[in-house]
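Visitor: Hi, could you walk me through this one? I'd like to ask things as they come to mind.

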Amino acid sequence: MISQLSWKVGGQQGEGIESTGEIFSIALNRLGYYLYGYRHFSSRIKGGHTNNKIRVSTTQVRSIADDLDILVAFDQETIDFNFHELRQGGIVIADAKFNPTIPDESRATLYAVPFTDIATELGTALMKNMVAVGASSAVLGLDISVYEGVVQEIFGRKGEQVVAKNMEAIRAGAQFMREQLGDNIQLMQLDKADGKKRMFMIGNDAIALGALAGGARFMAAYPITPASEIMEYLIKKLPQFGGTVIQTEDEIAACTMAIGANYAGVRTLTASAGPGLSLMMEAIGLAGITETPIVIVDTQRGGPSTGLPTKQEQSDLMAMIYGTHGEIPKVVMAPSTVQEAFYDMVEAFNIAEEYQCPVIVLTDLQLSLGKQTVEPLEYDKIEIRRGKLVTGELPEIPDKGCFKRYEVTEDGVSPRVLPGMKNGIHHVTGVEHDETGRPSEVAANRIAQMDKRLRKLKHIQFPTPVHKHVKHEEADLLIVGFNSTRGAIEEAMERLERDGIKVNHAHVRLIHPFPTEEMLPLVQSAKKVVVVENNATGQLANILKMNVGHAEKVFNVLKYDGNPFLPHEVYTKCKELF
Amino acid sequence: MATFKDFRNNIKPNWCPGCGDFSVQAAIQRAAANVGLEPHELVVVSGIGCSGRISGYINSYGFHGVHGRALPIAQGVKMANRDLTVIAAGGDGDGFAIGMGHTIHAIRRNIDITYIVMDNQIYGLTKGQTSPRSEVGFKTKSTPQGSVEPALSIMEMALTAGATFVAQSFSSDLKELTQLIEEGMKHKGFSLINVFSPCVTYNKVNTYDWFKDNLTSLSSIEGYDPSNREMAMQTLMKHKGLVTGLIYQNKERKSYQDLVPGYSEKPLTEADLTISKEKFEQLVAEFM
């Protein structure tokens, strides 16, 4: 019996590879296993190799695995492309139809299973993925009856016969595989899981749910990979709360429409990836100078330009911190798990309203699209705070004077009224302005307003600016990362500790304003600092050096080939330093 | 009840003496009073350029945004609070060059706002460059040999984009302009009002006199029917777009807000920001 394994299904895009992984993982989730999935796909709809790699464990996992135990192949290309990942003793389950072969330097065993033929015999070749699901389940020793509920949910509306046929296909696949395995059936039987119900979702689901729970009632967005799931979830759910999503003509419209709606008082978000964020930059500056709250999600993918649109990268960091001309107060948050993505979205709307500024929630493709098991989200942790939003009646202002929407205050935050309120009339403009919003080029006013705006974030309250995993007062190594690299770093850390290296881990969750006070002692107490990031220039490392110093002991571990870090890569690179 | 004077504030516009935009400002103030609005019930969203300053010269809520983006901001305001009356305003460069993508899509989306373009066929604030409304041969600082690009036929474009309210006016005709803005504000959907608003400083061709000589009032055309889209198109083509009055109105088509499923009849600003525990647990269960 084993406590975890790694499974991958591959084939041509558009051939049901996605649904094979989906059905298999839903069943595993129902049984109480922890899962972590990552999809390899291309920017096309039909054709081209695609695969879905899923790690199954009886305990929480936050990274894809270094190697592979089971490869399910619908074509030879899948074997050729992924074979190198298989561990010694791994197995390939391939459709017998294409006469699969495995390379001579074989470390794995091939099982040819007639996916297509069994499915065809039962009614339609379309069910070949169900045969594969059944075969996989037999290897893991799963109770096939778990699929009854899953298949009913997916195919129920197509009628009882379709449900029955699909169940038959799963059972037939399992039966065939059991016969093939013979005595080897014990090799990859999984420990029983705890059977607890847990959420199984992608980061984008959590972001959208977090927005909903955080009071967002409107969204303006333009489709883009890997952000579109956020708008697709919200257009299904927002109408239940009176709200809606508008798919705009471009990202400039998305951002400015969201600014208009936030100005009018509705919590509104937009979400995009690098190319969209580049287009939004001028509008982000408008939100900054007009002190309009707005939440913008940036799901990072490979850049620059169209770059690697379906691949993992973390290279928008500098652009998100410094992007837009001029200087504005801005918050950049970076959740590292799906749970954090949910809570951070709620907090993003609170911070946006409390500090009246743009808040960028930064994720990356691996976090946004990787499907993983999520511990229960707590309703009682959801809190709505609206800062200095003025409610109730306002006193009349004589002589058609204006409300001081940009009043210079000690904390820099001014009272905020919404259009429609009597006696609240004021002007809003992207031109430098005075306390009532009237354009002003007076030097003293410019300084007063600029200082006021920038003062707002001096004392920002953020729940957990750095996720710290600190075991040592004095460490040989501090590993720093952000977003989805957390799992790979945690596993590398365990291995380094086993080698006798004292390791601390800091995952930065508030990227800007940078949590210098939190990070400085960690850097000071480490002999070496390694910053792990999916980009080519070491952006987080540079930000760390700029804010914390100690450049002489900060080292880069970089990966920018479009793929997420594997634990052993982080381990090996860190190990090389000693 | 508010009068047009209540929509005046004490800011002195920085427009050149004789600029057509003064009349547009006055017409908006009169129309707002005539339809029974109070100043705090009106939001004027404007773009960048000389005309973009208009949102600061009206005693109402005003939002002066970024160049070319008055329309998406205005649509966002209206989506957030459908009880507000929202006017977007800007120049021909703002709406038909940098913001053209938004103009077309705001027209077809048909959210209930009124868009007033102060069309002077030139870039004024940047001191005299060609605009998408400048005629072929028009000499400016950026087209010293004369523009070789034809002017956009904006009113025809609006009709093909599915506009439900298209009107055109001349800033000298305060009475007609006020009335068209009133009708636009009352129209249930997106209303586009293009106003010839001469630039007395940089445009020496399309002057007040030039417009007086070249414009045809639709009221002078016998049997003109603004509900007839085909007639509207033919009339515009015949007069090279130089007509004034209500060109086209479709009273049948509902506005975006009335068509989109589930969208609240109450302003979204009044929506409850919290969701019930029961509802939350339902949403969570969908991922189990």
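Visitor: Where is the place of B:Gln121 in chain B?

Guide: B:Gln121 is in the loop between β4 (114-119) and β5 (122-123) of chain B. Helices (H or I, at least four residues) and strands (E, at least two) are DSSP runs, numbered from the N terminus. Before we go on, this is a predicted model: local features need pLDDT of at least 70, side-chain atom pairs count only at pLDDT 80 or more, and totals for chains, interfaces and linings use all residues. Residues are numbered from 1 along each chain as its sequence is written, while chains are lettered from A and ligands numbered from 1 in the order in which they are written.

Visitor: OK. What is the phi of B:Gln121?

Guide: Positive, about 60 degrees, although B:Gln121 is not a glycine.

Visitor: And is B:Gln121 buried or exposed?

Guide: B:Gln121 has 24 other C-beta atoms within 10 Å, so it counts as buried. The cut-offs: a residue is buried if 20 or more other C-beta atoms lie within 10 Å of its own, exposed if 12 or fewer, and partly exposed in between, with C-beta atoms placed from the backbone.

Visitor: Over to the chain A and chain B contact. How many residues does it take from each chain?

Guide: Chain B puts in 48 residues and chain A 57 residues. Two residues are in contact if their C-beta atoms, placed from the backbone, lie within 7 Å.

Visitor: Which parts of chain B touch chain A?

Guide: β2 (61-64), α2 (70-80), α4 (100-109) and α10 (277-285) of chain B each supply at least two residues of that side. α2(B) gives the most, with 8 residues. By class, the side of chain B that touches chain A has 25 nonpolar, 19 polar and 4 charged residues. Here Ala, Val, Leu, Ile, Met, Phe, Trp, Tyr, Cys and Pro count as nonpolar, Asp, Glu, Lys and Arg as charged, and the others, Gly among them, as polar.

Visitor: Which strand of chain A is joined to β2(B)?

Guide: That's β15 (residues 427-429) of chain A, which runs parallel to β2(B) and is joined to it by 3 bridges. Strands pair if DSSP finds at least two bridges between them. A:His427 stands opposite B:Gly62 in this pairing.

Visitor: What strands does β8(A) pair with?

Guide: β9 (residues 244-247) of chain A is parallel to β8(A), with 4 bridges, and A:Ala221 stands opposite A:Gln247 there. The chain gets from β8(A) to β9(A) through helix α8 (residues 228-237), in a right-handed β-α-β crossover. Right-handed means that, with the strands pointing away from the viewer, the path from the first strand over the helix to the second runs clockwise. β8(A) also pairs in the parallel sense with β10 (residues 268-272) of chain A over 2 bridges, where A:Met219 stands opposite A:Leu269.

Visitor: How about helix α12(A), what does it span?

Guide: α12(A), residues 338-355, reaches 25 Å from first C-alpha to last, close to the 26 Å expected at 1.5 Å a residue. That expected span is 1.5 Å times one less than the number of residues. Since 18 of its 18 residues are buried, α12(A) is largely enclosed by the rest of the structure. Just after α12(A), A:Gln356 takes a positive phi of about 50 degrees.

Visitor: What residues does A:Pro415 contact, setting aside neighbours within four places in sequence?

Guide: A:Lys388, A:Val390 and A:Glu407. A:Pro415 is in the loop between β14 (371-374) and β15 of chain A, and its C-alpha is 9.8 Å from that of A:Gln356, 59 residues apart along the chain. With 16 other C-beta atoms within 10 Å, A:Pro415 is partly exposed.

Visitor: Last one: where are cis peptide bonds in chain A?

Guide: One joins A:Gly303 and A:Pro304, with omega about -5 degrees, and another joins A:His512 and A:Pro513, with omega about 0 degrees. A:Pro304 is in the loop between β11 (294-300) and α11 (317-322) of chain A.
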